[in-house]
Amino acid sequence: MTGLDVVFVLVGLLTAAGAVLTVTSKNLVHAALALAVTLAGIAGVFLVLHADFLALVQLVVYVGAVAVLFLFGLMLTRAPIGREALDSQNRGLALAVSGGLFVVLSTLIVLAFGDVRVDAMTGPGIDVIGIAIFAVWVLPFELLSMLLLAALIGAIVLARREDGESGEEAEVTRIEVGDPPINESDGPPAEVAGDGQAELPAGSGGGGQA
Amino acid sequence: MAQTSLPGTGLLKGLAVTVKHLFKRPATLMYPYERNELAPRTRGVIALMDENCTVCMLCARECPDWCIYIDSHKETVPPAKEGGRARTRNVLDRFAIDFSLCMYCGICVEVCPFDALWWSPEFEYSEYTMDALLHEKDKLREWADTVPPPPALDEGAEAPAEVTEAIAKAEKELEAAAQKEADKAAAAEAATTEAKAGGSGPKKADEPKVAAGEIDQETYDALIAEGKSERIARSKAKAAYVKKEKARLKAEADAGGGDAEAAPTPKAADIKVEAGQIDQETYDALIAEGKTERMARAKAKAAWVKKEKARLAAEAESAAGAGAPAGEEAEPPSPTDAAGSDQAPSTDAPAEEPAATRKLGDVHVEGTGEIDQETYDALIAEGKSERIARAKAKAAWVKKAKQAKLDEEGGA
Amino acid sequence: MTVLTSTTALAQAPSILDVGDGVVLPILLKVALVLGLFFVVPLVGGYLEHKVMGRMQNRRGPVEAGPFGSLQLVADGIKFIQKEDIIPRAADKPMFALAPGLALVPALLVFLVIPLGPGVFAVDLELGLFYALAITSISVLGILLGGWASANKFSLIGGLRAGAQLIAYELPLIITAITVAVMAGTLSLVGIVEAQANFTLPGLEGFNLWFVFPQIVGFAIFFVAAMAELSRPPFDMPIGDSELVFGYMTEYTGIKFAMFLLTEYAGMITMSALMVVLFLGGWQILPGVATPGCEGAAGIMSCDPIGIAISVLVTLAKIMGLVFLMVWARVAYPRLREDQLQRISWLVLVPLSLANLAFVTILTVVL
Amino acid sequence: MGLMDQVELPQPVKYVFNWGRKYSLWCFNFGLACCAIEFIAASTSRHDFIRHGVIPFAHGPRQADLLVVSGTLTDKMAPAVKRLYEEMPEPKYVISFGSCANCGGPYWDSYSVTKGVDQIIPVDVYVPGCPPRPEALLDGIIALQHRIQNESLKDRIAGRRQDPITLGADAPLALEEGA
């Protein structure tokens with residue numbers, strides 16, 4: 001058992017604890033924070049496997065963005081984020097779904113990679129990852145990005161208001177600040193204070209009016 | 001913005017304005033080390049000259065806040081001469097102003113018929129407890145020492161009535177003494193040369209003012225001998241002592257500044273002094289006077305800065321006057337130290353004086369507000385009120401000026 | 001300060017978990033270096049802010065605490081230690097206590113990869129740039145939680161504003177950083193500095209350039225986005241004190257408040273250091289000018305101690321110059337409105353940085 | 001806090017701690033009347049009390065160390081002052097600025113004015129004046145710093161616990177306790 005194994009076990013335990021806390025916590029914000037811990041723990045697991053790039057992506061995308069968006073959504077919506085008890089009353093169903101998912105995933109993983117030995121001391125460099133994504137697997141990658149784009153457009157369409165209730169900015173009084181375009185040989189300053197007048201060059205405009 | 005400007009010029013303009021200020025001299029007044037020159041009648045604190053108070057109670061009655069507390073008792077004064085009638089007079093027992101309540105309206109100062117209440121520009125009397133803001137008679141009397149002389153009249157202003165009277169009187173005397181003119185002129189010349197010798201010599205032993213401590217005692221004795229009450233004599237002698245002590249300290253400071261060594265970069269235009277040191281003499285003097293440690297320290301710091309500035313100014317002057325010894329240039333300001341207050345602009349005084357002396361050919365110089373210090377001190381020591389002493393001292397000064405003028409004409 | 005690892009070992013750049021050569025002493029030195037950086041440089045930055053702000057407002061700034069007021073922030077720190085630690089009754093206590101740490105620790109961790117001079121850094125990661133950006137994005141969790149846990153409306157709104165602001169400005173920041181990475185061909189911060197020592201524009205061979213010259217737009221975007229990320233004025237809507245008392249920090253007192261403050265100042269330093277590394281040539285004195293006592297292109301490779309000292313000083317001077325710029329902007333401009341803030345990011349900075357990225361990528365591929 | 005109000009610290013540590021408190025007075029201005037203008041004048045470039053480590057306009061009471069009550073305190077406003085004072089973390093200091101805050105000043109006989117802010121919160125330094133000069137505030141601040149440098153935090157807190165200012169039955173106000 002090397003030092004890395006110890007770290008792996010510790011990070012794994014932390015991740016698992018975070019996951020358990022996520023589903024058992026009665027406070028929605030606590031649950032979201034526990035989820036962030038879980039996601040960060042997964043980044044730690046990647047790190048132990050020397051997948052630095054993946055770990056950092058995990059941090060940026062999941063901890064930095066997804067968890068924040070979760071918290072954001074919780075705080076902006078009327079979700080019960082206080083001390084109110086939180087119980088979805090669907091424990092049986094949830095248990096069944098998650099248990100089934102666990103069995104399926106673990107079986108898949110064992111079947112696929114069960115006898116592959118990964119050399120833990122050398123992770124793939126980013127050049128390898130880059131070539132893999134943009135050369136070998138470029139089609140699935142582009143497909144995925146199309147999917148994301150569709151989701152993006154869909155979200156915008158959903159979030160858009162109808163015409164009647166548009167949240168356009170209210171009319172604000174414009175205040176012109178700066179040097180008034182006064183020329184001493186020209187008319188009084190009141191004449192050049194108007195909006196249309198201000199568009200003209202200072203010299204000729206005032207003179208024409210006078 | 002002007003309508004033709006590119007987008008973003010406004011942002012650059014903002015940056016330009018701020019960075020311009022970065023290289024400007026800060027407007028900050030380094031308060032405990034530098035002070036504002038306050039007007040002589042700034043509403044800082046109300047001072048009491050209790051010897052002027054007749055317990056008429058006008059101030060206490062007019063006070064909108066009722067923050068003046070006066071207690072008194074009546075004393076029977078035996079008849080002044082045989083066959084007279086015994087009279088009663090009010091004796092002030094307590095005079096207190098509650099500065100936590102006072103609204104600084106100045107009505108008490110205005111209504112006082114005997115000039116017992118004065119405004120002093122001092123404002124540094126914050127306290128840790130509120131009852132300490134109730135200033136009793138002694139404290140109020142101390143503030144009276146800080147009252148600066150009144151501001152000079154405007155150029156060409158009509159002189160106050162008492163001054164014109166005194167001048168008329170002096171002119172009569174002058175005409176009467178016309179035959180003794182020559183003797184007096186000689187005496188005056190001798191006096192001025194003596195004064196100049198005293199000024200140029202850095203040794204303090206030569207100065208007649210140094211013996212002030214004994215004069216203080218003399219004043220006291222004189223007053224007692226004149227039949228003044230012990231209390232009045234003591235307070236006046238004390239005032240005289242404080243005044244003289246301050247004058248002496250100033251003279252010493254200037255003498256010390258004369259032979260000082262070279263300072264870094266003496267710029268004549270604006271002298272900046274890095275503060276942080278205190279003037280030990282002032283500090284000791286203030287502590288001895290019973291001021292609090294904090295106030296003494298602050299004032300000593302201010303005194304140090306003042307001295308340092310005077311010293312630098314003197315050095316700059318001597319540097320400008322190529323070869324003139326520094327000691328002569330830095331004339332002691334003590335002869336012009338008007339009322340012995342520490343607020344008097346000591347650095348300006350020596351610069352003004354020679355200019356005024358040169359202009360003496362003009363007889364109409366009397367409105368400038370110069371006073372004859374010796375006369376003034378003598379009158380104060382005699383127990384005259386400050387106002388009268390000032391007026392008479394002005395008259396004396398005019399007299400001397402005229403003599404000097406006559407001398408000059410006679411010489412020519 | 002010490003020379004820690006050899007700079008030429010770029011090929012076998014270590015992973016985050018490789019703490020050193022297996023010796024305890026270098027690790028301790030690294031810890032000391034990072035902690036020293038973390039506590040001293042932000043204090044100097046804060047002092048600079050006090051003084052520059054004062055002078056720009058015709059004031060003097062702190063004078064009494066220490067020589068020329070230089071210990072003002074130290075006095076603040078000593079005071080914060082002594083202050084009472086108030087936790088509101090309605091607050092979520094564990095979250096309330098956790099939030100400042102959650103904000104502070106990432107700011108501390110970023111200092112790990114900041115190179116101050118040739119060999120003067122804690123670790124040189126292959127993914128250093130990405131690491132720095134990823135770690136800074138965690139800080140917002142602490143701010144968001146702190147705002148929520150205070151059980152105060154102003155705090156909550158401040159936290160939400162901070163969250164929205166960070167998400168909005170993270171995007172142009174990262175895209176611009178990627179642009180620089182494309183130009184340099186590496187994500188290692190040391191590698192980026194070395195790339196700038198050898199960078200020339202085609203047709204101008206012989207003229208060494210830092211990335212700020214071809215990338216002046218990128219630099220401007222990065223600077224604005226960095227100020228917004230740090231909630232520095234004029235982007236201080238999360239703590240907009242005219243509307244929100246003190247935003248997410250409203251209920252925080254004493255040492256916890258000091259931790260939030262330290263996060264802000266440390267962030268100012270790390271962002272400035274990143275800008276120095278990405279655009280201003282790191283520890284090089286001038287483009288194409290060799291540092292005395294160093295070898296290699298423009299004098300950034302192996303150095304003797306004097307060269308290292310000069311390099312570190314140059315880096316710190318550049319950082320302080322950028323801090324000065326931030327303070328300058330703070331004094332010059334009023335606070336933006338929330339909608340203006342979002343508009344600037346999504347309608348100006350993001351399209352601009354995307355166009356910049358496309359432009360640079362195409363040029364790099366073509367040339 | 002914590003231990004610091006329980007034990008008397010050794011002299012050097014105490015000196016350093018007092019020094020820190022002395023030069024870091026984040027100032028919360030409770031401006032109620034004309035005196036507030038003089039307070040603002042004291043914060044401007046001419047007087048600039050940041051020189052003395054008084055950081056002006058702390059955003060809220062939680063971050064403030066020094067409460068400057070400047071102006072006429074009315075009975076209506078008194079609960080707010082007391083509440084904001086109580087929201088400040090210990091060790092906290094109060095400067096009563098001007099005659100009205102000291103003891104009512106010109107409104108000493110008014111039915112609606114609290115006769116001095118020290119009736120509801122403990123005051124450390126009283127600055128006299130109506131209104132006081134900005135320099136007078138600086139003088140008060142220097143006096144306060146002098147006091148802080150020489151004080152014992154333990155004694156201060158103990159004294160605070162012994163005789164807290166609570167309004168008695170004869171007091172003109174009926175404040176909510178712990179409002």
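A salt bridge is counted where a side-chain nitrogen of Lys or Arg lies within 4 Å of a carboxyl oxygen of Asp or Glu. In this predicted model, four salt bridges are found between chain D and chain C. One of them pairs D:Asp48 with C:Arg59, whose closest N and O atoms are 3.2 Å apart. Helix 1 of chain D, residues 11-22, is the main contributor to the side of chain D that touches chain C, giving five residues. That side of chain D is made up of 14 nonpolar, 10 polar and seven charged residues.

The wider contact between these two chains can be described next. Chain D and chain C bury about 2,700 Å² between them, with carbon and sulfur atoms giving 61% of that area. Polar contacts also cross the interface of chain D and chain C, where 21 residue pairs are found, both residues being at pLDDT 80 or more.

In soluble globular proteins, nonpolar side chains tend to be buried together. The largest nonpolar core here holds 190 residues, and the members touching the most others are B:Ile68, B:Phe95 and C:Leu129. Helix 9 of chain C, residues 254-279, supplies the largest share of this core, with 17 residues. Beyond its neighbours within four places in sequence, C:Leu129 is in contact with C:Ala177, C:Ala181, C:Leu187, C:Leu189, C:Ile192, C:Leu274 and C:Leu278.

Technical notes: Residues are numbered from 1 along each chain as its sequence is written. Chains are lettered from A and ligands numbered from 1 in the order in which they are written. This is a predicted model: local features need pLDDT of at least 70, side-chain atom pairs count only at pLDDT 80 or more; totals for chains, interfaces and linings use all residues. Side-chain values use heavy atoms; hydrogens and water are left out. A nonpolar core is a set of buried Ala, Val, Leu, Ile, Met, Phe, Trp, Tyr and Cys residues joined through side-chain atoms within 4.5 Å. Buried means under 20% relative accessible area, exposed over 50%, partly exposed in between (1.4 Å probe, protein chains only). Helices (H or I, at least four residues) and strands (E, at least two) are DSSP runs, numbered from the N terminus. Contact means heavy atoms within 4.5 Å. Buried area is the accessible area (1.4 Å probe) that two parts lose on being put together, summed over both. A polar contact is a pair of N or O atoms within 3.5 Å; within protein, one must be able to donate a hydrogen and the other to accept it, and residues adjacent in sequence count only if both atoms are side-chain atoms. Ala, Val, Leu, Ile, Met, Phe, Trp, Tyr, Cys and Pro count as nonpolar, Asp, Glu, Lys and Arg as charged, and the others, Gly among them, as polar.
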